[in-house]
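Welcome! Please take a moment to look over the sequence and the model, and then read on for a short tour.

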Amino acid sequence: MKYCKKCGCLYVTDVCPKCGIEEPEDQPEPEAPDKKTLVHQWIGLLVGIPLFIMAIYVVIHMLYSRG
């Protein structure tokens, strides 16, 4: 049985009997990226997040040291 996300009706046909919305076909899941791409993304996160926090700290430090 299929479940209509709009009206909450369970049905067996191709189209929901209450609202008439067709259920989209099952889409294949996207392929997982290769290991090299994952490593580069993790390195980017591990380096980028501390740099971003440090940049915020520098800006706040500059604002409070001026006055």
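The accessible surface of the chain comes to about 6,600 Å², and carbon and sulfur atoms hold 64% of that area. Such areas come from the Shrake-Rupley method with a 1.4 Å probe, and for residues only the protein chains shown count as cover. Of the 67 residues, 6% count as buried, a word used here for under 20% relative accessible area.

This is a predicted model, in which local features need pLDDT of at least 70 and side-chain atom pairs count only at pLDDT 80 or more, while totals for chains, interfaces and linings use all residues. Residues are numbered from 1 along each chain as its sequence is written, and side-chain values use heavy atoms, leaving out hydrogens and water.

From the N terminus on, the elements run β-β-α. Helices (H or I, at least four residues) and strands (E, at least two) are DSSP runs, numbered from the N terminus. With a radius of gyration of 25 Å, well over the 11 Å that the globule rule gives for 67 residues, the chain is more spread out than a compact globule. That radius is taken over C-alpha atoms, and the rule is 2.2 Å times the number of residues to the power 0.38.

| Item | Value |
|---|---|
| C19, relative accessible area | 27% |
| C19 to G8, C-alpha separation | 10.0 Å |

C19 is therefore partly exposed, meaning between 20% and 50%. Not counting residues up to four places away in sequence, C19 touches C4, K6 and C7, where contact means heavy atoms within 4.5 Å.

Terms used. Buried means under 20% relative accessible area, exposed over 50%, partly exposed in between (1.4 Å probe, protein chains only).
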